[in-house]
Amino acid sequence: MTLQQATSPVRIEPVVSQEHTRHLLAHGYAVVDALWTSAFAQSLAVEAERLIRRAVPAHQVKGPPPQATAAEAPLLSWLQFALLPTARALTGQVLVPICGWYNFYPVNDGIWLHVDVDDSDLVILATALGEVGPLHLHPQLQGLNQAELDVVYEAPSWNDTSGTPVAYPPLGIVAHRGRMVPHHRPGRPVRSPSAVAALHFKSIW
Ligand SMILES: [Fe+2]
């Protein structure tokens, strides 16, 4: 399938309601489903599967999972630009794409408690391959830096099931203020190698 054939079914116009924008404002995230077709989801899975083959299982507790950047993934790169109107409609900000990658979970879908890269004002997350569990958001920990979050995460009192679980919709996105709202995913074995698309945007003002 060519890139043009793969991308043509995606709805690139904003499909964002006032409810979505209010939810993002109040809770730091919004779920927008039905943005693309199952055929496009399949094309994304094919690209992610091609790149995940070289990814090694992540053994570290902290730090990002194995990744491939959008520079290596033409469909992912296209998707980031296609979602720009949606990102702008959700936030009311003049956002620009800054970086994007696949996060690979070949064995386990856990990710440590963290906040996103400094430049990111919004991250758009979507299942690209397989299936991962919900992301757990911790708005009550907002304002802590990464070193402070590490202390919370490594303390004996840490509850790995804590936080607000947010599931990725099958044909859409979770838009998330990941630099502001700390988040983690409790680790569980994946049924098959899985990948999440993470697309970051920055406000130009
Ligand atoms: Fe993150």
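1. Helix α5, which spans residues 84-91 in this predicted model, has four buried residues, namely Thr86, Ala87, Leu90 and Thr91. They cover an arc of only 115° around the axis, and that puts them on the same side of α5. As background, an α-helix has 3.6 residues a turn, so residues three or four places apart point the same way. After the helix comes Gly92, whose phi is positive, near 75°.

2. What do the buried residues of α5 pack against? Their partners are helix α2 (18-27) and the strands β1 (29-32), β3 (95-105), β5, β8 (173-176) and β10 (194-203).

3. Turning to the sheets, six strands form an open sheet in the order β1-β8-β5-β10-β3-β2, and the pairing is antiparallel. The edge strands are β1 and β2 (67-69), each of which pairs on one side only. From one strand to the next, the twist averages 20°.

4. Within this sheet, some of the pairings can be followed residue by residue. Strands β1 and β8 pair in the antiparallel sense over four bridges, and Ala30 stands opposite Ala175 in β8. Strands β5 and β8 also run antiparallel and are joined by three bridges, with Val174 in β8 as the bridge partner of Leu125. Helix α5 packs on the sheet, touching β1, β3, β5, β8 and β10, and its direction makes about 110° with that of β3.

5. Strand β8 deserves a separate look. Helix α2 lies across β1 and β8, running at about 150° to β1.

6. The largest nonpolar core has 48 residues, and those with the most contacts inside it are Tyr102, Ile124, Leu125, Ala175 and Ala197. Strand β5 (residues 122-129) contributes the largest share of this core, seven residues. In general, nonpolar side chains tend to be buried together in soluble globular proteins.

7. Which residues does Tyr102 contact, once its neighbours within four places in sequence are left aside? Its contacts are Ala48, Leu51, Gln67, Ala68, Ala73, Leu76, Ala128, Ala195, Val196 and Ala197.

8. Strands β6 (residues 135-137) and β9 (residues 183-185) pair in the antiparallel sense over two bridges, and His136 stands opposite His184 in β9.

9. Tyr153 has its place in helix α6, residues 146-154. Why does Tyr153 count as partly exposed? The reason is its number of C-beta neighbours inside 10 Å, which is 18, whereas a buried residue would need 20 or more. Not counting residues up to four places away in sequence, Tyr153 touches Trp112, Leu113 and Trp158. The C-alpha atoms of Tyr153 and His114 are separated by 9.1 Å, although these residues are 39 residues apart along the chain.

10. The secondary structure comes to six helices and 10 strands, and buried residues make up 39% of the 205 residues. Of the contacts with a separation of 6 or more, 89% are accounted for by residues 24 or more positions apart.

Methods. Residues are numbered from 1 along each chain as its sequence is written. This is a predicted model: local features need pLDDT of at least 70, side-chain atom pairs count only at pLDDT 80 or more; totals for chains, interfaces and linings use all residues. A nonpolar core is a set of buried Ala, Val, Leu, Ile, Met, Phe, Trp, Tyr and Cys residues joined through C-beta atoms within 7 Å. A residue is buried if 20 or more other C-beta atoms lie within 10 Å of its own, exposed if 12 or fewer, and partly exposed in between; C-beta atoms are placed from the backbone. Two residues are in contact if their C-beta atoms, placed from the backbone, lie within 7 Å. The arc is that of the directions from the helix axis to the C-beta atoms. Two strands pair if DSSP finds at least two bridges between them. Axes are lines fitted to C-alpha atoms, for helices over the stretch in contact, and angles run from 0 to 180 degrees between N-to-C directions.
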